[in-house]
Amino acid sequence: KYSQVSRRWDMPSTYYSKLITLKKEKDETKEATKDKATEGKALLIFMDTDPFLHESKAEYVAKQMDWLKDTLKNAPADVNWKIVIGHHPFYTVGPRITNSDTLTMRKALKQLFDDNKVDVYLSGHEHSLQHLKPEGYTHQFISGAGSELTTVTLGIPYSKFQAAEHGFMYFSIDNTRLNVKAINYTGNVLYETELTK
């Protein structure tokens, strides 16, 4: 309902997808009108993950999972990036590392993401900044360090970065590169990585 009163809040449903056209990468050495690479597309898939944690919502979860499978399976052939966004992580190095929330989401999503080559799963729930790359195809980024902080565990093999520090993540994307920066509350870049196609 808030979408109806705010021009900055656009959530058309509890779960939905959005196909966006990526800006063309310009070749600065040539005329401004010539493109170094063709336009790309990113498929953003927004999930409602809270019902996954409640047995009473099994019918709703099944309906959402059917929709998710169909959306991934029927993604346009020219999509460069598949990015899924949900609140609950399916891996973490925070306090919920073996929590039933995390394990429930992993059971529901891990194989589906690998089978459909989902590039990124972006979540919150943990109050920290994390980049995780478990076995398989999908990278997971957790950006939940806007208020209270929780601890992170060091030395977990699938963790590429973790910080229990206030901050946020900044994403920039074109058809061949997805750049991610973890930035703390003072503006310092704590971590930067780039995924490429």
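Analyst: In this predicted model, the contact between helix 1 and helix 2 is made by Met 65, Leu 68, Lys 69 and Leu 72 on the helix 1 side, which meet Ala 108, Leu 109, Leu 112 and Phe 113 of helix 2. By class, the residues of this contact are seven nonpolar and one charged, with no polar residue. Lys counts as charged, and Lys 69 is on the helix 1 side of the contact.

As for geometry, helix 1 covers residues 58-73 and helix 2 covers residues 100-115. Their axes come within 11 Å and cross at roughly 15°. Angles under 35 degrees count as roughly parallel, and helix 1 and helix 2 are therefore roughly parallel to each other. The handedness of the crossing of helix 1 and helix 2 is right-handed.

Three strands form an open sheet in the order 8-9-10, and the pairing is antiparallel. Strand 8 (167-173) and strand 10 (189-196) are the edge strands, each pairing on one side only. On average, and with direction ignored, neighbouring strands of this sheet are turned by 15° against each other.

Within the sheet, strand 8 and strand 9 (residues 177-184) run antiparallel and are joined by seven bridges. In this part of the model, Ile 173 stands opposite Leu 178, a residue of strand 9.

Key:
Residues numbered from 1 in each chain as written. Predicted model: local features only at pLDDT ≥ 70, side-chain atom pairs only at ≥ 80, totals over all residues. Heavy atoms only, no water. Axes fitted to C-alpha atoms, helices over the stretch in contact; angles between N-to-C directions. Helix = DSSP H or I, 4+ residues; strand = E, 2+ residues; numbered from the N terminus. Parallel < 35°, antiparallel > 145°, perpendicular 65-115°, else oblique. Left-handed = near helix turned anticlockwise from the far one by under 90°. Contact = heavy atoms within 4.5 Å. Pairing = 2+ DSSP bridges.
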